[in-house]
Amino acid sequence: MRHSNISIFVPHLGCPNACSFCNQHTISGEKTAPDASEVRRLLSGSYDRIKDKQNTQIAFFGGSFTAIDEDYMLSLLKTAFEFVGKNGFSGIRISTRPDFIDSQILDTLKRYGVTSIEIGAQSMCDEVLCANNRGHTAKDVENASRLIREYGFELGLQMMTGLYKSDSEKDMLTAQKIILLKPDTVRIYPVCVLKNTYLARLYNEGKYTLSPFDDMVSLCADLLLMFESAGIKVIKCGLHASDGVEGELVAGYYHPAFRELCEGRIYRNAMDKVILGSMDKSFVFSVNDRCISKARGQKNENIRYFEKKGISISLIPDKTVKKYIVVRI
Ligand code: SF4
């Protein structure tokens with residue numbers, strides 16, 4: 001079941017770290033943390049407005065929710081919990097760090113209606129975690145994930161590609177290890193280097209270089225396919241304009257339709273596989289009827305890609321063909 005979120009941002013509060021990529025105020029677009037009365041006002045408005053409450057979650061995003069001051073965290077949770085239940089919203093979603101999850105915290109979250117927990121894993125390579133000042137290890141991610149699943153929460157894991165000291169092999173390894181943790185959802189964030197971050201400093205000093213944008217699209221396309229083939233829903237791939245990064249970007253892989261680029265690449269790779277080794281110059285593929293534009297690629301880039309090779313492609317919609325599959329007819 002697809003849930004909509006009422007997003008409430010709790011920026012940076014209580015976080016003891018300064019991760020290399022983090023400029024929390026930029027990501028959330030919020031300058032101050034909301035108090036319980038603001039949360040109540042926001043949720044009252046949403047409660048009156050939203051009809052399909054049972055498919056709507058309250059989502060505390062943007063910081064390390066379980067690392068904030070306990071009294072403050074409880075005040076937010078208690079307020080949100082008033083709007084959850086039979087006649088209210090379906091539950092509460094929070095995101096946090098792996099090293100701020102333990103039984104006591106999970107007992108509290110359970111008591112106040114939290115149903116989904118997202119963990120910022122970012123990488124499953126300790127060398128990369130350390131180089132980016134994450135302050136936790138891959139083992140912490142494994143332990144937190146196991147505990148969250150044992151408690152019966154929905155588990156989400158976030159990974160970041162292209163971090164300082166990472167490469168495509170390490171990012172692939174991270175995805176493989178994440179799959180073994182059996183999350184319900186994953187978010188893939190190709191790195192965005194924001195102003196006033198450690199990464200920006202490294203980048204400006206020439207100590208951190210980024211691979212070409214197109215390589216990152218290929219990598220994230222492979223990751224997207226890996227996760228979805230493993231039955232794990234990728235709920236985000238790339239930051240959106242609404243994440244407020246555009247004015248803050250120094251370098252990195254921001255594109256307003258990054259996921260579409262990756263999905264187009266998945267289709268291009270699938271067609272390439274069929275075309276490779278054939279002497280034919282014209283191909284007709286059937287693809288899922290809802291994926292025709294993905295198969296054509298953003299602004300028809302896949303069609304042009306094959307045209308440059310002297311190959312013409314026609315695409316036929318077919319409900320029976322699964323997503324990301326092409327069938328030559
Ligand atoms: S743990 Fe989260 S909030 Fe804290 S610095 Fe890192 S990314 Fe930012």
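Five residues of domain 1 are in contact with four residues of domain 2, where contact means that the C-beta atoms, placed from the backbone, lie within 7 Å. By class, the side of domain 1 that touches domain 2 has four nonpolar, one polar and no charged residues; here Ala, Val, Leu, Ile, Met, Phe, Trp, Tyr, Cys and Pro count as nonpolar, Asp, Glu, Lys and Arg as charged, and the others, Gly among them, as polar.

Before we go on, a word on the model. It is a predicted one, in which local features need pLDDT of at least 70 and side-chain atom pairs count only at pLDDT 80 or more, while totals for chains, interfaces and linings use all residues. Residues are numbered from 1 along each chain as its sequence is written.

Domain 1 covers 4–256 and domain 2 covers 265–328, with bounds that come from an automatic or database domain assignment. Their C-alpha centres lie 34 Å apart.

Let us turn to the strands. An open sheet of seven strands runs in the order E1-E2-E3-E4-E5-E6-E8, with parallel pairing; strands (E, at least two residues) and helices (H or I, at least four) are DSSP runs numbered from the N terminus, and two strands pair if DSSP finds at least two bridges between them. E1 (4–9) and E8 (233–237) stand at the edges with a single partner strand each, so one side of each is left without a neighbour in the sheet. On average, neighbouring strands of this sheet are turned by 20° against each other, direction ignored. Within the sheet, E2 (residues 56–61) and E3 (residues 91–96) pair in the parallel sense over four bridges, and Ile58 stands opposite Ile92 in E3.

Helix H7 packs on this sheet, touching E4 (114–122), E5 (154–161) and E6 (185–190), and its direction makes about 175° with that of E5. Angles run from 0 to 180 degrees between N-to-C directions, with axes fitted to C-alpha atoms, for helices over the stretch in contact.

H7 (residues 168–180) also packs with H9 (residues 213–229) at an angle of about 15°, their axes 10 Å apart. The two helices are therefore roughly parallel, a label for angles under 35 degrees. Ser168, Asp171, Ala175 and Ile179 of H7 make the contact with Leu219, Leu223, Met226 and Phe227 of H9. These residues divide into six nonpolar, one polar and one charged.

With E11 (residues 312–317), E10 pairs in the parallel sense over six bridges, and Phe283 has Ile313 as its bridge partner in E11. With E12 (residues 327–328), E10 pairs in the antiparallel sense over two bridges, and Ser286 has Val327 as its bridge partner in E12.

Note on methods:
Parallel < 35°, antiparallel > 145°, perpendicular 65-115°, else oblique. Contact = placed C-beta atoms within 7 Å.
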